[in-house]
Amino acid sequence: MKTIIKNGRVIDPAQNIDAVLDVVINAGCIESITAQVQPAADDQVIDATGLLVTPGLVDIHVHLRDPGYEYKEDIISGTRAAAAGGFTSVACMPNTNPSNDNKAITRYMIQKAQLEGYANVFPICSITKGQKGDSLVEMGDLKQAGCVGFSDDGLNVEDGAMLRHAMEYAQGFDMPIIAHSEDESIKDGGVMNEGALSTELGLTGNPWVSEAASVARDIMLAELTGAHLHVCHISTRRSVELIREAKQRGVRVTCEVTPHHFTLTEEAVRGYNVNAKVGPPLRSAADVAAMKEGLRDGTIDAIATDHAPHHIDDKNMEFIYAAFGMIGLETALPLALRLVDEGVLSLNEVIACLSCKPANVLRIPRGTLTTGAAADLTLIDLEYTWEVTRQSIRSRSFNTPFEDQNMKGKAVMTLCAGKVVHKEI
Amino acid sequence: MAFAHKHIISTKVLTRAEIDLILTTAQSFKEINQRDIKKVPTLRGKSIINLFYENSTRTRTSFELAGKRMSADTINISAASSSVTKGETLEDTAKNIEAMDADIIVIRHPASGAPDYLAQRLSRCSVINAGDGAHEHPSQALLDLMTIKEHKGTLEGLTVAIVGDIARSRVARSDLYALRTMGATVRLAGPATMLPPGLDKLGAQVYTDINAAIKDADVIIMLRIQLEREGGSKLLPTKREYAQFFALNPENLKLAKPDAIVMHPGPLNRGVEISSYVADGKQNVILEQVENGVAVRMALLYLLAGGNDD
């Protein structure tokens, strides 16, 4: 028995496909993409008329909070949210408890996702043991266990020699270093973007330099070592410029931007909105424009959510004490699709930034519908409008600045290895 | 006119008419404070909770006296630490107070935005901000305006210089908005490390030279400088240098208008931001500020808790 997805507009940027075609799935893999397939009697047919059929989306920056913080999210609820957002593969950050700095945790994550989850989980392990910044993890061992990259995300690796040697060592195993580039000493306790609004609200500002200075250092260390540096969640104009210039010089650097950093400005914080408190902070309108320009000219490789679930008890308090972070898996696609309406990216480019391009960053064998590939697919209704409410969100947490906002565009069906993991048609 | 606000959290939202109403009301209450028997029954039966998460002598005493002189029941709660370390959330604390049918919560808190947070979550209580982090301190600004108006007759067209650690000053922000609304020009001055970005966008003129800032000023407000360690910090080298370049002394005071008044929200660091000769000099109105503070706070309590009765 095969599954045939009929009459959808198939977009696979990696293969330059954009046409109304049928996708044939056999034994969990893509068998063919052709026109007008005649189904056999026992084939399952999914009518995708009027829908986009894309590679299952890939998010290379999520926090699943499992193990340790299951009251915020776990691998089951997090991958359920991923599937609802159209993502079939997520790379999860290691700031769990205990942190993912060893093979046992890495395997636990992969296996729990395989047994009980709704999407593929590709763990990112910490650069340093316990994310303490002073000694390397067993990178070779972790790569064998299924780890796809190394990051102390949430924390900067302040010690320059530590980061240099991590890059050298990771380079030897052909693995990327994924940097949360933010100089803590320049950040100096900042809780929002530094500017007139932080002055007005009486909140300590985090200037753009905290990020850009660290990005500059990290780029030069990548230049020195020849390692692949991937810069997480860039937020400032200067970061885009630095990465653009580094790419032109041939430095192996890639980067990602979150939907919130290309959608919202610091104004979202007004009223001390804790759900707009995030690191790096929401920046100025000029920075948001620079994010769009970086996406447009290809400086920014991928859209990644930095999905950071937090329980209401970690958020419902005075702004300066509230946790940093916001969920993003279920709002990423409609926010990215706004870029098409705004003329920043074509539809094909948006899909690429959410599928093959992030997969390429971490060299994950996903994000395209080539023959023989895992049948990870997302069916998208571009006209589907919906409201962001507690009821409409699958994540265990609901810390989103988009609460009560209308979204246009939705993954109405998600298949992972040929199996329907999300369906709302 | 009826007072349209349920809470007093910021001076930014107050109109000129509203500030005039507060100052006029305060002026009428000031007379009560000068009587032998300083008590009227205006707020009898009203409950006012002073919820202070930061140490304060002046402001808390002022609010307490304001309530008591109008016959309200006032209770002081001093939280030794923030809600986070105390183990109960600020929301829970405040809702418990509200459940006891308090009418007004006066809150001082080290976290900017804490009064906004309460106002968003309480259904019946009014909230008065008695200082939140580096955000605002509206009652201080209003008593400053009252004092200036008593001396100058008007606020329109005056030049007011505020000198000190602007970055961490909630007084500077509340003064700035209220003075601008009333038609004054506001100059903010201090070491560049203590001038946060965007002050110009908030309506201020910005100076790093105290002499330029106070030149021809009608009013000079000196702010307390907080230098924890004598050896200096990332923001300031020494108190000595601060006193040398940013203090108000009898010499540079001559740059201001001859009839300029000198103010300070207290407590004073004599010899640091202000010379004792100026602090005790004939142009100082610092204790008048304190006196007016009680009257302004009576006005605020009255307008929130009883002002709509007649």
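Student: How many residues does the contact take from chain B, and how many from chain A?

Tutor: This is a predicted model, in which local features need pLDDT of at least 70 and side-chain atom pairs count only at pLDDT 80 or more, while totals for chains, interfaces and linings use all residues. Residues are numbered from 1 along each chain as its sequence is written, and chains are lettered from A and ligands numbered from 1 in the order in which they are written.

The contact takes 22 residues from chain B and 16 residues from chain A; two residues are in contact if their C-beta atoms, placed from the backbone, lie within 7 Å. On the side of chain B, at least two residues each come from α3 (83-86), α4 (90-99), α5 (114-121) and α7 (170-181). The largest share, 3 residues, is that of α5(B). Helices (H or I, at least four residues) and strands (E, at least two) are DSSP runs, numbered from the N terminus. By class, this side of chain B holds 10 nonpolar, 7 polar and 5 charged residues. Here Ala, Val, Leu, Ile, Met, Phe, Trp, Tyr, Cys and Pro count as nonpolar, Asp, Glu, Lys and Arg as charged, and the others, Gly among them, as polar.

Chain B itself is assigned domain 1 (16-137 + 292-305) and domain 2 (138-289), the bounds coming from an automatic or database domain assignment. The contact between these domains takes 21 residues from domain 1 of chain B and 23 residues from domain 2 of chain B. On the side of domain 1 of chain B, the elements that give two or more residues are α1 (16-33), β4 (126-132) and α12 of chain B.

Both chains have members in the largest nonpolar core, which has 231 residues; those that touch the most other members are A:Val23, A:Phe150, B:Ile105, B:Leu145, B:Val163, B:Ile220 and B:Leu301. Helix α12 (residues 286-305) of chain B gives this core its largest share, 11 residues. Such a core is a set of buried Ala, Val, Leu, Ile, Met, Phe, Trp, Tyr and Cys residues joined through C-beta atoms within 7 Å. A residue is buried if 20 or more other C-beta atoms, placed from the backbone, lie within 10 Å of its own. Not counting residues up to four places away in sequence, B:Ile105 touches B:Ile49, B:Leu51, B:Ala94, B:Ile97, B:Leu118, B:Cys125 and B:Val127.

Helix α1 (residues 75-84) of chain A has 9 of its 10 residues buried, so it is largely enclosed by the rest of the structure. Its buried residues pack against β6 (57-62), β7 (87-92), α2 (103-116), β8 (120-123), β16 (406-416) and β17 (419-423) of chain A. α1(A) is followed by A:Gly86, whose phi is positive, near 95 degrees.

Notes
Buried ≥ 20, exposed ≤ 12 C-beta atoms within 10 Å, placed from the backbone.
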